Amino acid sequence: MQPDTPKKATGFPARLHVLIARNAPVGLVIRRGPAERVATFSWNRRTDTIVLGQWMKGYIHERRADLSPDGKHWIYFAVNGRWSDEAQGAWTAVARAPWLKAETLLAKGDCWQGGGLFLDNRSFWVDGGDCHEPLQLSRDVKRKPFYEPSTRYGWESLTVYYDRLQRDGWTLVSLDSERASDRITLFERRLPHGWTLQKLCHANASNKRPQGTGVYWDEHALINETGDTLTFPKWRWADWVDDRLVYAEAGALYRRAIRNAKELAPPRLIHDFNAYTFEERLAQY
């Protein structure tokens, strides 16, 4: 399949979040923008090919999402506010990546908990699973009802997100330090040549946050072995993927190599997601 050609669009940059398959060279990109419009994309990490999946009118809580180790399925929590519909306006779904069409559909009816994590290619955990109403169940992947993560970080997005980060190689350094009513949790990841990537996870319910961010948002920094710090407050997602630094900024996905203990290679564009606009698309299954 050839990559889709994005359509022209204007306005505030798209907001991106990326899920990485642990045992396959694929990823899933969640693109948000404008408000209450979200699209999903597959990312072939061998070729850096991006292919559009589906759009929805609503909101996907990307910090409650996960991709199976083989990259074939994903779990997500979505809200469209249609509380009288069968899915009760908010639901957890398991679909074939990168599509949205649910193979497992669990109605929630509110925004507490929801979403989950894959435990392996065939089983997943749902946050607040017993608080959902099963509407449809997959025959390929199954919910593990009695699993619980070792640590809970509240009743919204953070339990899924923080457990996913630690599972995928991040170290929790400090939890919920206060800074002017903004709760910040610090994660770190060791990189080659003595570099450290920091992820500062904000939980800020006030209006004093960067334009285009919600209650939960991230910023990043790089520290070399001599203690020099490079700050990247506009990186909305970043990770070490396939021996390269990959990050999302201003609606585009970039990669950078680390040259040595003090120098990064110039950024190279993987894909610009800004020009896409909403369109009706059916899942290919």
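Which residues are linked with Asp48 in a network of salt bridges? Here are some notes on that and on a few other spots worth a look.

1. **Ground rules.** This is a predicted model, in which local features need pLDDT of at least 70, side-chain atom pairs count only at pLDDT 80 or more, and totals for chains, interfaces and linings use all residues. Residues are numbered from 1 along each chain as its sequence is written, and side-chain values use heavy atoms, with hydrogens and water left out.

2. **The network around Asp48.** To take up the opening question, Asp48, Arg244 and Arg255 are linked in a network of salt bridges. A salt bridge here is a side-chain nitrogen of Lys or Arg within 4 Å of a carboxyl oxygen of Asp or Glu. Between Asp48 and Arg244, the closest N and O atoms are 2.8 Å apart. This pair links distant parts of the chain: Asp48 sits in the loop between strand E3 (37–44) and strand E4 (49–57), and Arg244 in the loop between E19 and E20, 196 residues apart. Helices (H or I, at least four residues) and strands (E, at least two) are DSSP runs, numbered from the N terminus.

3. Arg255 belongs to strand E21, while Asp48 is in the loop between E3 and E4, and the two are 207 residues apart. Both Asp48 and Arg244 are buried, whereas Arg255 counts as partly exposed at 25% relative accessibility. For Asp48 the relative accessible area is 16%. Buried means under 20% relative accessible area, exposed over 50%, and partly exposed in between (1.4 Å probe, protein chains only).

4. **One more salt bridge.** The salt-bridge count comes to 15. One of them joins the side chains of Arg63 and Asp218, at 3.5 Å from N to O. Arg63 lies in the loop between strand E5 (59–60) and strand E6 (66–67), and Asp218 in strand E17 (residues 216–223), so the pair ties together parts that are 155 residues apart in sequence. Both Arg63 and Asp218 are buried.

5. **A four-stranded sheet.** Four strands form an open sheet in the order E19-E20-E21-E22, with antiparallel pairing. Strands E19 (235–240) and E22 (268–272) stand at the edges with a single partner strand each, so one side of each is left without a neighbour in the sheet. Neighbouring strands of this sheet are turned by 20° against each other on average, direction ignored; the axes behind such angles are lines fitted to C-alpha atoms, for helices over the stretch in contact, and angles run from 0 to 180 degrees between N-to-C directions. Two strands pair if DSSP finds at least two bridges between them. Five bridges join E20 (residues 245–249) to E21 (residues 252–256), and Glu249 stands opposite Ala252 in E21.

6. **Nonpolar cores.** The largest nonpolar core has 22 residues, and those with the most contacts inside it are Tyr162, Leu165, Leu191, Leu222 and Trp235. Such a core is a set of buried Ala, Val, Leu, Ile, Met, Phe, Trp, Tyr and Cys residues joined through side-chain atoms within 4.5 Å. Helix H1 (158–167), strand E16 (196–203), E17, E19 and E20 each supply at least two residues of this core, and H1 gives the most, with four. Apart from this core lies another, of 20 residues, among them Leu19, Met56, Ile60 and Ala78.

7. Not counting residues up to four places away in sequence, Leu222 touches a list of residues including Leu191, Trp195, Trp235, Leu245 and Leu264. Contact means heavy atoms within 4.5 Å. Val94 lies in strand E8 (residues 90–96) and counts as buried, at 1% relative accessibility. Leaving aside neighbours within four places, the contacts of Val94 include His73, Trp74, Phe118, Phe124 and Val141. Ser123, in strand E11 (residues 123–126), is buried at 12%, and touches Phe118 and Lys142 beyond four places in sequence.

8. **Cysteines.** The structure holds zero disulfides, a disulfide being a pair of cysteine sulfur atoms within 2.5 Å. For Cys131, the nearest cysteine sulfur is that of Cys111, 13 Å away. Cys131 is partly exposed, with a relative accessible area of 49%, whereas Cys201 is buried at 2%.
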